[in-house]
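Biologist: I have the sequence and the coordinates open now. Could you walk me through a few of the local features?

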Amino acid sequence: MPVWQALYDELKDQDFMIIAVAMDSRGLSAVSGPIRKAGTTYISLLDQDHVVSDLYNMTNVPQAVWIDEAGRIVRPTENAGAAMGFNLRKMRKTRQIYLDAIRDWVALGADSGHVFSEEEARAHTPVFTAAIAEAHASFHLGRYLQEKGSSREAASFLRRAVDLNPDSWNFFRQMKNLEHILGSGGPEFMMRARRASKAGKEYYPLPDMATMAEVAD
Amino acid sequence: MSSTSAIQVLSAGRRIQIARSADRPTDELWLDVPALADLTGWHLKPEGLCKGEVCVPLAGAATDFLDGDEICASGLWKELQRPVLHDSECETWMLGEAAKDRARQLDTLEAPDFELPDIDGKLHRLSDHRGKKVLLVTWASW
């Protein structure tokens with residue numbers, strides 16, 4: 001959050017807004033503390049049902065979409081410049097390159113080299129499958145049943161969402177977090193992350209930007 | 001087994017409560033046509049089921065789901081291959097969106113609009129920020 005706040009302070013007078021959306025089914029109790037503590041002045045919203053993930057086909061946090069002044073997507077859902085923390089240098093560098101790309105876009109608009117053509121933007125949009133749509137419906141129902149206290153039935157719908165879209169870290173980690181507040185980073189998560197990595201599915205794939213070349217492996 | 005008289009119906013953007021009708025099977029979800037529109041944004045028109053400029057023609061079996069002012073939303077959703085789910089008591093239903101509609105929306109490159117609360121409960125819409133560049137970014141506490 002401090003990263004986005006600093007960027008917002010720097011660019012807010014240039015018709016730029018940050019809308020940060022918390023994918024947090026536990027609701028206010030989970031997010032209001034961190035948001036108040038950070039004293040964010042950009043817009044911070046709560047999305048208990050992960051509706052934004054559904055609309056934009058997102059699967060992890062942080063992911064971002066660049067939207068221009070006309071409400072058009074110029075960079076679809078992608079990793080918002082995060083990298084694994086075990087490589088501190090790469091983590092910092094990746095983030096810096098991503099933030100510089102945003103600065104470039106805010107300064108140059110459509111002339112920025114980071115703005116996709118319509119064709120490129122469509123090609124970079126993650127494919128929305130029937131299983132993903134079904135997973136969102138199942139997650140949504142499970143989330144509601146959980147809130148109503150039907151934990152056992154909720155669990156089966158949440159698990160079904162995870163099984164239907166195993167590539168969604170949001171579904172998996174939120175499910176584990178609803179089971180136990182510290183559950184999202186447990187041994188099952190580590191196992192899944194290792195398995196995904198072996199299958200060539202990186203937890204934080206690098207955004208497709210020419211400037212990312214220096215942190216690419 | 002007792003069941004409550006109220007049914008909760010969820011969609012990606014909304015939730016409504018309706019009364020259970022004694023005249024309908026428990027495992028079917030019947031809504032009046034305006035309620036379906038309110039809940040899902042899909043309106044019944046002469047050309048079919050429409051949302052914005054997109055219309056799905058209702059032909060053949062799909063017309064069987066209409067009965068006067070009411071529509072069998074569960075049957076129609078299945079017929080149109082949209083996700084429809086309910087709990088074991090059929091007291092809570094979820095009418096999901098089809099992958100092809102989500103994909104079609106994303107393919108237009110028009111950013112899908114949404115309305116969500118901030119931590120003070122104030123609602124914000126993405127489209128309130130037309131005229132600015134917007135970085136839409138997610139995070140989570142977990």
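Modeller: Let me begin in chain B, where strand 1 of chain B and strand 10 (residues 92–95) of chain B run parallel and are joined by four bridges. Within that pairing, B:Ser11 has B:Leu95 of strand 10 of chain B as its bridge partner. Please keep in mind that this is a predicted model.

Biologist: What does strand 1 of chain B do with strand 2 of chain B, and how many bridges join them?

Modeller: Strand 1 of chain B runs antiparallel to strand 2 (residues 15–19) of chain B, and five bridges join the two. They form a hairpin with three residues between the strands, and B:Leu10 finds its bridge partner in B:Arg15 of strand 2 of chain B.

Biologist: And is strand 1 of chain B mostly covered or mostly open?

Modeller: Mostly covered, since five of the six residues in strand 1 (residues 6–11) of chain B are buried.

Biologist: Staying in chain B, what is the order of the open sheet of three strands?

Modeller: The order is 4-5-6, and the pairing in this open sheet of chain B is antiparallel. Strand 4 (43–45) and strand 6 (54–56) of chain B are the edge strands, and because each has a single partner strand, one side of each is left without a neighbour in the sheet. From one strand to the next, the twist averages 35°.

Biologist: How many bridges are there between strand 4 and strand 5 of chain B?

Modeller: Three bridges pair strand 4 of chain B with strand 5 (residues 48–51) of chain B in the antiparallel sense, and B:Lys45 has B:Gly48 of strand 5 of chain B as its bridge partner.

Biologist: Switching to helices, at what angle do helix 8 and helix 9 of chain A cross?

Modeller: The axes of helix 8 (residues 169–179) and helix 9 (residues 187–198) of chain A cross at roughly 165° and come within 11 Å, which means that helix 8 of chain A is roughly antiparallel to helix 9 of chain A. The crossing of these two helices of chain A is right-handed.

Biologist: Which residues of helix 8 of chain A meet helix 9 of chain A?

Modeller: Helix 8 of chain A contributes A:Trp169, A:Phe172, A:Arg173 and A:Lys176, which meet A:Glu188, A:Phe189, A:Arg192, A:Ala193 and A:Ala196 in helix 9 of chain A. By class, the residues of this contact between helix 8 and helix 9 of chain A are five nonpolar, no polar and four charged.

Biologist: How does helix 6 of chain A pack with helix 8 of chain A, and at what angle?

Modeller: Helix 6 (residues 130–147) of chain A packs with helix 8 of chain A at an angle of about 15°, their axes being 12 Å apart, so helix 6 of chain A is roughly parallel to helix 8 of chain A. Their crossing is left-handed, and the contact of helix 6 with helix 8 of chain A has four nonpolar, three polar and no charged residues.

Biologist: Now the backbone: which residues does the cis peptide bond in chain A join?

Modeller: A:Val61 and A:Pro62 are joined by a cis peptide bond, with omega about -10°. A:Pro62 lies in the loop between helix 3 (51–56) and strand 3 (63–67) of chain A.

Biologist: What about phi of A:His50?

Modeller: A:His50, a residue other than glycine, has a positive phi, near 55°, and A:His50 counts as buried because its relative accessibility is 0%. Over in chain B, B:Leu109 is not a glycine either, yet has a positive phi of about 70°, and B:Leu109 is buried with a relative accessible area of 1%.

Note on methods
Residues numbered from 1 in each chain as written. Chains lettered and ligands numbered in written order. Predicted model: local features only at pLDDT ≥ 70, side-chain atom pairs only at ≥ 80, totals over all residues. Heavy atoms only, no water. Pairing = 2+ DSSP bridges. Axes fitted to C-alpha atoms, helices over the stretch in contact; angles between N-to-C directions. Buried < 20%, exposed > 50% of the residue type's maximum accessible area, 1.4 Å probe, protein only. Parallel < 35°, antiparallel > 145°, perpendicular 65-115°, else oblique. Left-handed = near helix turned anticlockwise from the far one by under 90°. Contact = heavy atoms within 4.5 Å. Nonpolar A, V, L, I, M, F, W, Y, C, P; charged D, E, K, R; others polar.
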